[in-house]
Amino acid sequence: MAQQRELDKLGNQLDWNLLRTFMVIVQEGSITAAANRLFLTQPAVSLALKRLEARLGREMIERGQGRFRVTEAGETIYREVVDIYGTISRFGILVREIHEEISGHVRIFMTSRIQTVLFDRVLTEFHARYPKVTFRIDVIPSTDIHIALQQKIGTLGICLMREPIPGLRSEVLIHQTYHLYCGRGHRFYGTEGLDVADLRKEDFVSFTTDQIDGTLSPLAVFRAREGFGGRIVGASANLEEVRRMIVCGLGLGPLPEHTAARDVADGELWELPPYEGVAPVDVHLIWNPQSKFNRAEIAFREMLLAEIRDLPVDRRLPT
C-alpha cells in the first residue's frame, strides 16, 4: 500500500515541464543546445534535470567534463516521454475529428525544393475529392523531420534518409542523382573537357548534412574518395540557398540533376564532371505507424501510397 501511495503521489505531482526539458536535452545531446532550443538559460535547464532526477530517485544522464551519456533509466524514461509528447501534441486534431466528417487537417514535413509529379498529382486529386481538408506543409531539414515523426507530430515526412529509422516506415518517393555545378562568375563556367582532377582544389559549396554521418553522406564520401581539398565556403540545410551560393559564384557544388536542369538551360549554372553524376540520393516518404491519424490523414496517406505503387519511379520526376 505504501508503495502504491508513493506511485500515486509521483503521478499527481510530477511536473510535465521537467519531462519535456529532459526529452529535449536527450535529443540535443547537451544542456547548452537544449537551453538554446527551449529559449531558457543553461542553469535553468540544468536545474530542471536535477529536479527530475531527485523526483525519480535515479540519475538520468551521466555528465561531467567532456562526458554526456544517457543512463539506462534515462533511456527508459525518454522513450515514454516521446510517446506521451506525441499524443499531447495531437490533442487538437483528435478533438477536431469528432466534429469532422470528410474533412480534417493534414500536416506534412518536407525538405526543401522537392520536385515530383507524383506528390503534386495526389495533392491535386485529393483536394478535388475532399475540398474541406486543410493542409500545412512545413519545410525543415531532414533530421528534424525524423524527430518530428518519431514524436508523432505531423502526418507524413518527405525527406532524405541515410538508414532506416527506428519506429518509422518509409517508401522511396523519387530517385535523384546529384551533379556538380558552378555559376557564371566561376572560372570554369563554359569550360569544356574538364576532368574531376581539375576541380580538387576549388572552393566548395554544399549542404550542412554533407558529412559522413549525415543524410547526404554519399556527397561526403565522393569528396573524400576524389581527394577534394578546397575550402567549404558556404553551406546550408536548404537546397535553394545552396543553389543561390553556387549561382552567385562562391564555389562549385552539388545539386540534384532534375532540380538544376532549368538553371543549366537558362545559363545560370554550368555542369561539371563527373558527368555521370556524383551520387544517387533517394527521397523517402516516411510516417509513424503508431500515430493516431484522423480520417483525412489516413485517406491522404493511402492515396499517396497507391500512387507510389502504380507509378514507376522513373516517371515521378518532372520532365
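Biologist: Which residues of helix α10 (residues 239–247) are buried?

Modeller: This is a predicted model, in which local features need pLDDT of at least 70, side-chain atom pairs count only at pLDDT 80 or more, and totals for chains, interfaces and linings use all residues. Residues are numbered from 1 along each chain as its sequence is written, and side-chain values use heavy atoms, with hydrogens and water left out. Helices (H or I, at least four residues) and strands (E, at least two) are DSSP runs, numbered from the N terminus. With buried meaning under 20% relative accessible area and exposed over 50%, partly exposed in between (1.4 Å probe, protein chains only), the buried residues of α10 are Leu 239, Val 242, Arg 243, Met 245, Ile 246 and Val 247.

Biologist: Which residue caps the N-terminal end of α10?

Modeller: The backbone nitrogen of Glu 240 lies 2.8 Å from a side-chain oxygen. That oxygen belongs to the capping residue, Asn 238.

Biologist: Why do the buried residues of α4 line one face of the helix?

Modeller: Helix α4 (residues 42–56) buries Val 45, Ala 48, Leu 49, Leu 52 and Glu 53. Judged by the directions from the helix axis to the C-beta atoms, these buried residues line one face because they fall within an arc of 130°.

Biologist: Which residues are exposed on the other side of α4?

Modeller: The buried residues of α4 pack against α2 (16–28), α3 (31–38) and β1 (61–64), contact being heavy atoms within 4.5 Å. On the other side of α4, the exposed residues are Pro 43, Lys 50 and Ala 54.

Notes. Polar contact = N/O pair within 3.5 Å; in protein donor to acceptor, adjacent residues only side chain to side chain.
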